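Please open the structure in your viewer and keep the selection panel at hand. The tour below moves from one selection to the next and says what is found at each stop.

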Amino acid sequence: MKALIAALLFLSAPIATELEGADEARAQALMREIRCVACENEPISQSTSEIAGNMRERVRVMISEGASDEEIRDWFEGRYGEFVLFRPKARGPGGWLLWGAPFLLLVGGAALGYGVMRGRSASAEEIQAIAPEDLSDGI
Amino acid sequence: MIELGHFAAILALCLSALQGMQGLRGRRGPAGMLALMAFGAMVVSFATLIWAFVRSDFSLALVANNSHTLKPFLYKVAGTWGNHEGSMALWCLVTLGFGAAGALLLKTPERPSFDARALGVQGLVAAGSLAYLLFASSPFLRLVDPPLQGASLNPLLQDPALALHPPMLYLGYVGYSFVFALAAAGLIENSVDRVWAKTVRSWAMAAFVPLSAGITLGAIWAYYELGWGGWWFWDPVENASLMPWLIGAALMHSLIVTEKRGGFAVWSVLLAVLAFCFSILGAFLVRSGILTSVHAFAVDPTRGLVLLIGLLIYGGLALGLFAVRAPLLKGGPPWAALSREGALMGNNLVLIVATATVLLGTLFPLIAEGFGRQMSVGEPYFRLTFVPIMCVALVALPVVQAWSWGRVDLSAIWKWAAAFAGICLVFAALGVGLMDIPLFAALGLALGAWLICGSLWELKRRAVTWPRLSRLPLRVWGMTLAHIGLGVFVIGAVVETSQRYETTLDMALGDSTRVAGWTVTLEDMRTVEGPNWFSDRATLTARRGGQSVRMQPEKRYYPAARMPTTETAIHKSPSGDLYLALGDRRVVDGQVRWTFRAYFNPLIDLVFGGVALMALGGLISVLPRRLALARKRATETEALPAGEPAE
């Protein structure tokens, strides 16, 4: 079972501590990433359907047998298809696009923004620095 | 009676179309009158719908399909918008309400034709919504053979937060329709400038605040009603409301540059158009049912298609107008990359990329299906893309919010870097070393603290001395509150997601189990009956130290809808919520046992409270100008006799 409820750093005393195996924490993390095959859009950690119960059990069994997270994901993918993984694999052009696009957009957008700015900016001496509060009453 | 409502809605449609024509021709007076009359007609129309629900008039198909005589009064009323047709009627009511508000409040000095055109575009948007209501999803259809009893409202929706959630969300979505109208009017009149930005800022906030409230109410509802202990699931419907919110946040920041410096005009207009497009896209995603979701309760594919066509027409027209007029817009004075302008551009970049990420993740399963690949995109994807991208902006925020317009003097940047490194080190050492929480969570807490301290520091910097704090403009207070709210939210979200305790209990009467420091005992189990449901109600006692609380989670069954719901029991304490949901009854070796899902959600209120602070900050920053001026005058008269040097 999940190990601990830590305190906020601002409080002097911990809220509560209950140490149990890190394996259960791993199992629960995995259960939140595997999609129930009988429900609308729920991970097996939430679903009340019977098959989700069996899938949860399968995760626990595999962990007790020493399987790694990756092996467990692969097992479920092999059995139910890519559909059950809420964490899609970066595989094939689609997978790479999905995982790469946000970061490419960020870098590309920054470059574009910098380019636009350079295109219209004057030399550094011409630019006046104005403290933000000086314009606080604006128009 | 309902025919009167039907007639009133048709009248509202005609009036809105007229308003559109008069407004676009530049006639402020008639357009305003027509907007008020259209709103009046729609109020009558919507009132007849509510009346039909209250009276349980099952000759109306909508009531027969969605109501029940035994339903409590509040949910009879709220049931009016708890379904597709009724919610579209509410959408129209709110659209016309914004039109009426615009007719009364929109008085840009010396620009009556701008106001008229804005009202005109708003009229066209309203006419489009009303046409969709009347021709594609009419709530006014009668049944030839009315049933004796109705099919009832989905019991999950019979909840106070959910009665308020759709109106709030619609106020936000539809609020952006008025922002859209202002953007279109600005393009038509070629008057996208500082005055324009000032006007749009108030209206954009009038949409942003209720949208925040609506999203939060939805999250709170999901938290206590769905019984999973969580508050955000990266579900398509949630994402659909998050996207306009993110665009709205980007717009708020871009408009600052347009108002103060006249820059970013093109970009602000584009965002104003996009905010509305994403609102309709959100409605389309939710209504069409093309995405599987746990939240969508009123789904119809063909109507989704009509919505999509509407989006293409309105969005396309606006973007076309934008393409023609954008090159004519003027930029502000020049600025260097490292400047307040540059910082706000960075803010916009991050928010737009974050929106694009949410859009990509939400639509990707659909796209992949087109290529014959069945995929799911869920929480892990957003955690690993959206969250780090947003963190870039959050780390920079306290540093750049003090930057000056034009260009910035970077001599102090090392102090900032040292302060950030210091906060991270302290939190990492305390968190990982002393309290044994994961490193990423400790750093997340450091980020929250960084945001809060940074905001307070900036507040102090602007005030110069403490006594002057009370004389700061309201906008500075608004900004500070919003950014502190962001920090509070980050802390709540980090603690809640990383330290949530989750377990399944299996108990017979009299059994005790330990849950996160609490000892929970199952005392009693009985069947109770409500107005339109009966339920299994468990009574448990939770003890911690000398404290003892009674908790009663239920599993309700609504016979009319043939559906069970979970009524969770939540005990709030300063450190977090103890959360119990009743599961199944089982018989093991002749003994009756019950399963419960038990959670301890630490500091979850900070998540909701943080968003509330953000909304409050927004609200304060656009408090009526008159109030701000009155304050200013008061402080000036107070300041002068004291003989303080003017700045």
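A residue is called buried here if 20 or more other C-beta atoms lie within 10 Å of its own, exposed if 12 or fewer, and partly exposed in between, with C-beta atoms placed from the backbone. This is a predicted model, in which local features need pLDDT of at least 70 and side-chain atom pairs count only at pLDDT 80 or more, while totals for chains, interfaces and linings use all residues. Residues are numbered from 1 along each chain as its sequence is written, and chains are lettered from A and ligands numbered from 1 in the order in which they are written.

Begin with residues 22-31 of chain A, which form helix α1 (helices are DSSP runs of H or I with at least four residues, strands are E runs of at least two, both numbered from the N terminus). Within α1(A), select Ala27(A), Leu30(A) and Met31(A), which are buried. Because these residues cover an arc of only 100° around the axis, they lie on the same side of α1(A), the arc being that of the directions from the helix axis to the C-beta atoms.

Now turn to chain B, which has 19 helices and ten strands. Its C-alpha atoms fill a box of roughly 80 × 70 × 60 Å along the principal axes, and buried residues make up 53% of the 647 residues in chain B.

Finally, colour chain B by its domain assignment, automatic or from a database: domain 1 (1-154), domain 2 (407-497 + 611-637) and domain 3 (501-605). The centres of domain 1 and domain 2 of chain B, taken over C-alpha atoms, are separated by 42 Å.
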